[in-house]
Amino acid sequence: MADKEKRRVADLGTLKALAHPLRMKLYRALFVTEAATASRLGELVDEAPSLVSYHLRKLAEHGLIEEAEARSGDGRERWWQPASDGVSIRDQDFRDAPEKVAAHLAASRLFQEQRSELYRTYLDERAHWGAEWNEAAHDSEALLRLTAVELAALKKDMHDLLTKYDEEGRAREAAGETQGRENVALHVYGFPFRA
């Protein structure tokens with residue numbers, strides 16, 4: 001997917017399609033696996049392949065995923081892949097109508113809840129990851145004094161750094177360095193607050 005750009009979600013229909021709890025789990029699982037069938041994704045999210053197929057078609061209708069080249073000899077299997085290298089959802093695209101504001105808020109809350117669920121799962125399973133992964137994993141909180149411009153610059157710098165590590169890791173994996181390589185989630189929130 002390195003040759004595909006992020007998809008900017010700027011319309012209400014696409015936002016609502018992605019902000020369905022199961023669809024977001026499927027999108028995330030598909031993004032991690034890079035390509036999969038409804039059966040495989042059903043195993044990952046613990047849902048029936050028929051239900052998964054329905055929701056995959058909905059994601060495809062909005063251009064979020066697309067059919068992929070078959071990865072097995074079974075011609076009956078339908079393979080799917082993300083249609084872009086992730087999505088970008090910006091507040092500015094959903095400010096001009098109350099229903100857009102409400103949909104964007106609901107989507108943002110869903111995404112945050114699912115990220116928290118993913119982290120809670122890691123915490124519950126932390127003992128099974130071993131010392132090396134537990135030393136590498138982290139959570140932190142920084143309370144900074146910034147302007148909006150400075151926060152935007154920090155966001156860009158962090159995005160550039162994450163992109164560098166992702167591209168290098170994927171290149172090493174493609175070159176055969178797969179030993180010890182796992183999916184890693186990094187959740188970062190930067191927002192203003194008043195004490």
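The points below concern the fold, the helices and a few local contacts of this predicted model.

1. Overall architecture. The chain contains 7 helices and 5 strands, and when it is read along the sequence these elements follow the pattern β-α-α-β-α-α-β-β-β-α-α-α. Its C-alpha atoms fill a box of roughly 60 × 50 × 35 Å, taken along the principal axes.

2. Among the contacts with a separation of 6 or more, 64% are made by residues 24 or more positions apart.

3. Helix H5. This helix spans residues 98–125, and its 28 residues reach 41 Å from the first C-alpha to the last, close to the 40 Å expected at 1.5 Å a residue. Its buried residues are Ala103, His104, Ala107, Leu110, Phe111, Gln114 and Tyr122, and they pack against helix H1 (12–18), helix H2 (21–33), strand E5 (87–89) and helix H6 (130–136).

4. Helix H2. One of the partners of the buried H5 residues, H2 has 13 residues and reaches 18 Å between its first and last C-alpha, close to the 18 Å expected at 1.5 Å a residue. Buried within H2 are Leu22, Arg23, Met24, Leu26, Tyr27, Ala29 and Leu30, while just after the helix Glu34 takes a positive phi of about 75°.

5. The loops on either side of E5. Ser84 lies in the loop between strand E4 (79–82) and E5; with a relative accessible area of 6%, under the 20% cut-off, Ser84 therefore counts as buried, and its side chain reaches the backbone oxygen of Gly86 at 2.7 Å. Asp91, in the loop between E5 and H5, is partly exposed at a relative accessible area of 39%. Although Asp91 and Ala10 are 81 residues apart in sequence, their C-alpha atoms are 9.1 Å apart in space.

6. Salt bridge in helix H4. The structure holds 12 salt bridges, one of which joins the side chains of Lys58 and Glu61 at 3.8 Å, N to O. Because these two residues are 3 positions apart in helix H4 (residues 49–61), they are separated by about one helical turn. Lys58 is partly exposed, with a relative accessible area of 24%, whereas Glu61 counts as exposed at 56%.

7. The side chains of Lys156 and Asp160 meet in a salt bridge at 2.6 Å, N to O; both residues lie in H7, 4 residues apart, about one turn of the helix, and Asp160 is partly exposed at 37% relative accessibility. Arg170 forms a salt bridge with Asp166, their closest N and O atoms being 2.9 Å apart, and because they are 4 residues apart in H7 these two are likewise separated by about one helical turn. Salt bridges that share partners join Glu34, Asp166 and Arg170 into one network. Arg170 is partly exposed at 33% relative accessibility, and Asp166 is partly exposed with a relative accessible area of 37%.

8. Nonpolar surface patch. Leu144, Leu146, Leu154, Met158, Leu162, Leu186 and Val188 make a nonpolar surface patch of about 560 Å². Val188 lies in the segment after helix H7 (148–174) and is partly exposed, with a relative accessible area of 45%.

How values were computed: Residues numbered from 1 in each chain as written. Predicted model: local features only at pLDDT ≥ 70, side-chain atom pairs only at ≥ 80, totals over all residues. Heavy atoms only, no water. Expected span 1.5 Å × (residues − 1). Buried < 20%, exposed > 50% of the residue type's maximum accessible area, 1.4 Å probe, protein only. Contact = heavy atoms within 4.5 Å. Polar contact = N/O pair within 3.5 Å; in protein donor to acceptor, adjacent residues only side chain to side chain. Patch = residues over 30% accessible without salt bridge, like charges linked within 9 Å, V, L, I, M, F, W, Y side chains within 5 Å. Areas by Shrake-Rupley, 256 points an atom, 1.4 Å probe, with all protein chains shown as cover. Salt bridge = Lys/Arg side-chain N within 4 Å of Asp/Glu carboxyl O.
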